[in-house]
Amino acid sequence: MVRGPLNKILAQSLSVAGKWHHQHQQLRRLNIHEYQGAELMSKYGINVPKGVAVSSLDEVKNAVKDVFPNQSEIVIKSQVLAGGRGLGTFKNGFQGGVHIVKTDQVEDIAGKMLGQILVTKQSGPQGKIVNKVYLCEKLSLVNEMYFAITLDRKTAGPIIIACSKGGTSIEDLAEQYPDMIIKVPIDVFKGITDEDAAKVVDGLAPKVADKASAIEQVKKLYSLFCERDCTLLEINPIAETSDKQLVAADAKLNFDDNAAFRQKDIFQLRDTSQEDPREVAAAKADLNYIGLDGEIGCMVNGAGLAMATMDIIKLHGGTPANFLDVGGSASEHQVVEAFKILTADERVKAILVNIFGGIMKCDVLASGIVNAAKEVALKVPVVVRLEGTNVDQGKRILKESGMTLITAEDLDDAAEKAVKAASK
């Protein structure tokens with residue numbers, strides 16, 4: 001049940017302004033829950049365990065009676081968008097987000113999970129709330145393997161990764177047994193061939209499953225990956241059952257945000273309760289925002305300038321609380337929303353506004369700051385550096401507003417003042 005993100009194997013993860021502590025995921029691809037992934041796989045003819053997601057103890061009771069009437073044991077899986085659930089700890093002290101229990105214990109165990117915060121290695125110390133648990137039939141597994149499809153920059157197309165060992169961290173397997181992991185690149189124009197699928201099955205090295213049936217399962221998984229615009233399809237473990245079936249005993253799927261317009265049913269599955277609320281608010285305002293864990297809130301126009309601003313804050317001994325690019329055509333409303341997001345972060349001790357007006361006019365930004373100050377009680381110092389289009393009008397608006405602002409002449413001066421203000 002342990003999930004291993006593939007970016008450690010195939011690509012380096014994005015680093016913003018240096019080496020950051022593990023941060024909230026940037027929503028560049030939709031992540032859905034396991035039960036949703038299993039349901040989607042089932043529609044493509046992929047073998048998955050019988051299961052049902054429930055959100056209350058009444059639903060748990062009914063599911064045990066109606067869906068699993070003859071089961072003596074049931075698997076209970078907490079549904080959070082973070083790996084390492086099995087080894088996680090709930091903030092109420094309950095250990096483990098995945099349990100195999102006797103049928104008469106299901107309600108008791110589910111009650112200790114539902115509505116509680118689960119902390120895992122991938123969730124961060126704040127953890128994630130468990131709004132649903134996934135009740136599954138307990139399968140008789142005779143072998144566990146690893147399977148994934150992702151996108152490979154080197155081959156400029158999908159690549160299938162398989163390993164004859166599964167159910168544990170793929171990163172650990174990659175370090176200890178690199179020869180056990182096989183990678184099969186797929187020609188995106190030709191699609192997956194029988195030969196490609198056979199190579200994958202050989203890499204999985206099933207012990208009892210029928211090879212021809214396994215090849216068909218691999219081809220169906222590839223069809224799902226392509227037709228649904230996935231960026232990742234990971235099954236850990238993909239397993240063999242005692243009745244010689246190849247079954248997806250886990251389901252982790254990510255989808256390309258650029259495909260939201262043609263995958264509307266998939267993107268309706270988005271669970272914002274599992275995301276950083278700051279990023280959810282920013283997305284609604286059409287702002288480019290990534291939450292970090294520093295003390296200096298940043299509002300900048302242009303991604304390059306935003307990165308440079310964060311670097312210089314670091315250079316002067318501070319730590320950015322976020323990446324925020326308001327863009328070149330931000331409206332006054334967006335600026336107000338950006339300020340609301342920054343001021344709502346309790347960790348922020350100072351705010352640095354760095355605008356180089358080109359398409360983005362300094363007077364629009366200044367008006368947004370003033371209006372934001374009227375709506376939000378500014379309890380932290382604000383350092384402002386304006387330059388470019390309509391800079392004089394922007395400075396006049398700020399001056400006439402009566403706001404207490406710290407002005408800066410250039411970026412270096414602004415960063416130095418912000419770090420100083422945050423440390424008071």
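This is a predicted model: local features need pLDDT of at least 70, side-chain atom pairs count only at pLDDT 80 or more; totals for chains, interfaces and linings use all residues.
Colleague: Which strands form the open sheet, and in what order?

Modeller: The order is 2-8-3-5, four strands with antiparallel pairing. Strand 2 (51-54) and strand 5 (98-102) are at the edges; each has a single partner strand, so one side of each has no neighbour in the sheet. On average, neighbouring strands are turned by 25 degrees against each other, direction ignored.

Colleague: How many bridges join strand 2 to strand 8?

Modeller: Four bridges join them, and the two strands run antiparallel, strand 8 being residues 133-137. To find the place in the model, look at V52, which stands opposite L135 in strand 8.

Colleague: What packs on the sheet?

Modeller: Helix 3 (residues 57-66) does, touching strand 2, strand 3 (73-78) and strand 8. The direction of helix 3 makes about 165 degrees with that of strand 2.

Colleague: How is a pair of aromatic rings described?

Modeller: By the distance of the centres and the angle of the planes. A search of the whole structure finds two aromatic pairs. Y35 and Y134 form a tilted pair, with 6.3 Å centre to centre and 50 degrees between the planes. This pair links distant parts of the chain: Y35 is in helix 2 (residues 34-43) and Y134 in strand 8, 99 residues apart.

Colleague: Are Y35 and Y134 buried or exposed?

Modeller: Both Y35 and Y134 are buried. F90 and F94 form a tilted pair as well, at 5.9 Å centre to centre with 40 degrees between the planes.

Colleague: Why does F90 count as buried?

Modeller: The cut-off for buried is under 20% relative accessible area. F90 has 2% relative accessibility, so F90 counts as buried. F94 has 15%, so F94 counts as buried too.

Colleague: Turning to the backbone, which peptide bond is cis?

Modeller: The bond from N236 to P237 is cis, with omega near 15 degrees. P237 has its place in strand 12 (residues 230-241).

Colleague: What is phi of A205, and where is A205 found?

Modeller: Phi of A205 is near 50 degrees, a positive value in a residue other than glycine. A205 is in the loop between helix 6 (194-204) and helix 7 (211-227). A205 is partly exposed, with a relative accessible area of 36%.

Colleague: And what is phi of K244?

Modeller: Near 70 degrees, again positive in a residue other than glycine. K244 lies in the loop between strand 12 and strand 13 (246-248). With a relative accessible area of 54%, K244 is exposed.

Note on methods
Residues are numbered from 1 along each chain as its sequence is written. Side-chain values use heavy atoms; hydrogens and water are left out. Two strands pair if DSSP finds at least two bridges between them. Axes are lines fitted to C-alpha atoms, for helices over the stretch in contact, and angles run from 0 to 180 degrees between N-to-C directions. Contact means heavy atoms within 4.5 Å. Buried means under 20% relative accessible area, exposed over 50%, partly exposed in between (1.4 Å probe, protein chains only). Rings of Phe, Tyr and Trp (its six-membered ring) pair if their centres lie within 6.5 Å; planes under 30 degrees apart count as stacked, over 60 as edge-to-face and the rest as tilted.
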